[in-house]
Amino acid sequence: GDFVSAEQLLRRSIELAPRRADFHHNLANLLRSRARYGDAEAAFRAALAVDPGFRPARLGLVGLYNQVGQYAVAEAEARQLLAIDARNADAHVALGVAQRGQGRIGDAESTYRAALQIAPDNVVARHNLGALMGQLDRAEESIAELDRAAAAGLRGREISFNRGRALFALYRFDDAEAAF
């Protein structure tokens, strides 16, 4: 919880070993968690300058762009990851988020399903697909995906909210209230 000290230590580590992409990546994640998006982007880019093939930094950059609503940029970055490794389920999930953010719902559904073909236990892909099914008024499919994600260990208010919406759409008001 001491973010100031953590940042100082990470920056000192980078001073001592500037060619360590993972150090830049760790700093970027810290900065992103503190909503310092411009600084986080620069740190992700620094990691990629050190090692252009460092996938965690590229994936972090995609997540950052999705988080701040720069979905077209996120899509381009995700496609770079997929050009390197078409079987990267996390890159498919990030691409799906970017597509959904651009209103390309059909593409997002296909992309989430592709991620699940690669990694059937990817709980984020399951949750995102479940949320998308709810958005498409396919409540039963939504609940099925969200329940699979929950059974695999995913917890949190987003999954509860999405499950509640789907249950409400099915007029299962008591269950929806419990989920909410």
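**Helix packing and buried cores**

His 92 lies in helix H6 of this predicted model. With a relative accessible area of 12%, His 92 comes in under the 20% cut-off, so this histidine counts as buried. Setting aside sequence neighbours within four places, the residues in contact with His 92 are Leu 82, Ala 86, Thr 111, Ala 114, Ala 115 and Ile 118.

Now to the nonpolar cores. The largest one has 28 residues, and the most contacts inside it belong to Leu 27, Phe 44, Ala 57 and Leu 61. At least two residues of this core come from each of helices H1 (3–16), H2 (21–33), H3 (37–50), H4 (55–67), H5 (71–84) and H6 (89–101). Another core, of twelve residues, lies apart from it; Ala 89, Ile 105, Tyr 112 and Ala 119 are among its members.

Helix H3 is worth a look of its own. Its 14 residues reach 20 Å from first C-alpha to last, close to the 20 Å expected at 1.5 Å a residue. Buried along H3 are Ala 40, Ala 43, Phe 44, Ala 47, Leu 48 and Val 50. Viewed down the axis of H3, these buried residues fall within an arc of 165°, so they line one face of the helix. As a general point, an α-helix has 3.6 residues a turn, so residues three or four places apart point the same way. The buried residues of H3 pack against H2 and H4. Phe 44, one of these buried residues, is in contact with His 25, Ala 28, Asn 29, Arg 32, Ala 57, Gly 60, Leu 61 and Leu 64, again leaving aside neighbours within four places in sequence.

Methods: Residues numbered from 1 in each chain as written. Predicted model: local features only at pLDDT ≥ 70, side-chain atom pairs only at ≥ 80, totals over all residues. Heavy atoms only, no water. Core = buried A, V, L, I, M, F, W, Y, C linked by side-chain atoms within 4.5 Å. Buried < 20%, exposed > 50% of the residue type's maximum accessible area, 1.4 Å probe, protein only. Helix = DSSP H or I, 4+ residues; strand = E, 2+ residues; numbered from the N terminus. Contact = heavy atoms within 4.5 Å. Expected span 1.5 Å × (residues − 1). Arc of directions from axis to C-beta.
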